[in-house]
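Here's a quick tour for anyone meeting this protein for the first time. Have a look at the model below, and then we'll walk through it piece by piece.

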Amino acid sequence: MIAAQHVIERALACASVDDTIVIVTDSSDATLRWAGNSMTTNGIATSRRWEVVSIVREATSVRARSGAGGTTVRVGTVSSTSVDPGDIEAVVRASEAAARSAEPADDAMPLLPGESASDPRDWDRRAQHTSIDVFGSLATELNVGFDGRDALYGFAQHRVDNVWLGTSTGLRRTFTQPTGSIEINGKRSGASAWVGTGTTDFQDVSAQNMLDELSTRLGWAQNTVEMPAGRYETLLPPSAVADLMIYLMWTMEGRGAQEGRTALSGVGGTRVGEKLTALPLTLYSDPRADGLEYAPFVVAGSSSDSVSVFDNGMNIERVDWVRDGSVSALAYPRASAGKYGAPVAVPGENLVMKGGTGAGLDEMVASTERGLLLTTLWYIREVDPTSLLLTGLTRDGVYAIENGRIAGAVNNFRFNESPLDLLRRVTEAGATEATLPREWKDWFTRTAMPPLRIPDFHMSSVSAAQ
């Protein structure tokens, strides 16, 4: 298999259209699975995916009214997993053909110049890889746990993505992204509980601590309490908060808000500047956040309302989506930012919320007279984009709180809530900690959230799901 850099240079050399972008991602995956207190499978896989983005710029005829000519820009993208150098030109030609037949692009901009390039010494590096050894201490601790009374099931994964980006303007950028996660599901006497965490290298993961937490929750579930649907004071742990806030960030597209299509649309514009909560909460993405780093430049094989292929290689900076309790920013590629007079902002691959009191979840439970403690949410779906109303189910542990103590496990519920409304109604935020979102973990693992207290979380119906 030829080096990723050579794929890019060969593809650019044989390109025949106005602009070309080539993205190559070499990936290495290590996985570990267990079920019923026994290791079941483990393995290593490597893969390559590469994309050619072709851009055709055509001069248009003189406009009848203005008397001015213009340019029509079309974009085509073709991806491949082939490692045969002989396939490079065919993929480039297919991408160029796709561009010539595409509809005009409404996000057209000049590509970034070559002086935005990364350090050439980085560009020539070799791909980094993972190995099964990354799970060494984890597997040892799990084997000890397999001798306990709880039935354990789970999955651990470590992935290293090496990305190279090159354009016909001379821009060259590269980044290595390690991503890991572990989930453990424990079962005892019909009860089920879940714990999970994200990591970059598993050096900061204690399986023993995770198993201790599972045992505590399964112990709580030995007493059960039936409760009807309704509105309850509810403590949302960091994992559940992450799932809800990720969905909020995904919908914070400037163009959709400007056009009145989203919950961030306002009278005559957007809700930027609107105060959501008196709590000094800040929700942000930052490619340099410690332990949650991601590629500090745009990598896009296709365009959307929030990201543009024309911005490939552009630096990504920290974005405060909510600052001190107020909506602060929406996502705008360069073209949309110019159209609406807004600052350029790129959706992040991490999400952090800060501004809480510093109280841990245990302390928040101790200060609750009567309420519910959730564990995780799942099967989250959007009901109404104009209010960002979401529905979903609770999973693997809902617990009743009575006089500052856990009284037992409660039946599962279906909920109906909007992340925006939750921020408007939140009465307490605790200490921020790194967490793994349960619902979106396959797409988004780098989060740090506080637990939140919601005085009237809407459990719309009882669920039979277990």
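Let's start with a pair of facing residues: Glu433 sits opposite Met449, which is in S21. Strands and helices here are DSSP runs numbered from the N terminus, with at least two residues (E) for a strand and at least four (H or I) for a helix. S20 and S21 (residues 447–449) are antiparallel partners, linked over 3 bridges; two strands count as paired if DSSP finds at least two bridges between them. In general, the strands of a sheet pair through backbone hydrogen bonds, either parallel or antiparallel.

Zooming out, 6 strands make an open sheet with mixed pairing, in the order S13-S12-S11-S14-S21-S20. Which strands stand at the edges? They are S13 (326–327) and S20 (433–435), and each has a single partner strand, so one side of each has no neighbour in the sheet.

## How to read the numbers

This is a predicted model, where local features need pLDDT of at least 70 and side-chain atom pairs count only at pLDDT 80 or more, while totals for chains, interfaces and linings use all residues. Residues are numbered from 1 along each chain as its sequence is written, and side-chain values use heavy atoms, with hydrogens and water left out.

S16 (residues 389–402) and S18 (residues 412–417) run antiparallel and are joined by 4 bridges. Leu393 has Arg414 in S18 as its bridge partner. S18 is also joined to S22 (residues 452–463), again antiparallel and by 4 bridges, and here Asn412 has Ser463 in S22 as its bridge partner.

S16 also holds Asp396, which has a positive phi of about 55 degrees although it is not a glycine. Is Asp396 buried or exposed? With 8% relative accessibility, Asp396 counts as buried. Tyr379, in strand S15, isn't a glycine either, and its phi is positive at about 50 degrees. Tyr379 counts as partly exposed, at 46% relative accessibility. The cut-offs for relative accessible area are under 20% for buried, over 50% for exposed, and partly exposed in between (1.4 Å probe, protein chains only).

## The nonpolar cores

In soluble globular proteins, nonpolar side chains tend to be buried together. The largest nonpolar core in this model has 55 residues, and Met245, Leu248 and Leu351 have the most contacts inside it. A nonpolar core is a set of buried Ala, Val, Leu, Ile, Met, Phe, Trp, Tyr and Cys residues joined through side-chain atoms within 4.5 Å. Helix H6 (residues 238–250) gives the most to this core, namely 9 residues. Apart from this core lies another, of 32 residues, including Leu32, Phe135, Ala156 and Leu373.

What does Leu248 touch, leaving aside residues up to four places away in sequence? Its contacts (heavy atoms within 4.5 Å) are Leu264, Leu283, Leu388, Pro419, Leu420 and Leu423.

## Pockets and a cavity

On a 1 Å grid over the protein atoms alone, a cavity is a set of points where a 1.4 Å probe fits but cannot get out, a pocket is an open set with protein on both sides within 12 Å along at least five of seven lines, and lining residues have an atom within 4 Å of a point. The largest pocket holds about 1400 Å³ of space; a volume is the space filled by probe spheres set on the points, which are joined across faces, edges and corners. Its lining has 43 residues, with Asp161, Glu349, Trp443, Phe444 and Arg446 nearest the centre. S5 supplies the largest share of that lining, 6 residues. The second largest pocket has about 1000 Å³ of space. Among the 45 residues lining the second largest pocket, Gly196, Thr197, Glu433, Ala434 and Thr435 are closest to its centre.

There is also 1 cavity of 30 Å³ or more, and the largest cavity has a volume of about 40 Å³. Ile2, Arg48 and Trp50 are among the residues that line the largest cavity. By class, that lining has 6 nonpolar, 1 polar and 2 charged residues, where Ala, Val, Leu, Ile, Met, Phe, Trp, Tyr, Cys and Pro count as nonpolar, Asp, Glu, Lys and Arg as charged, and the others, Gly among them, as polar.
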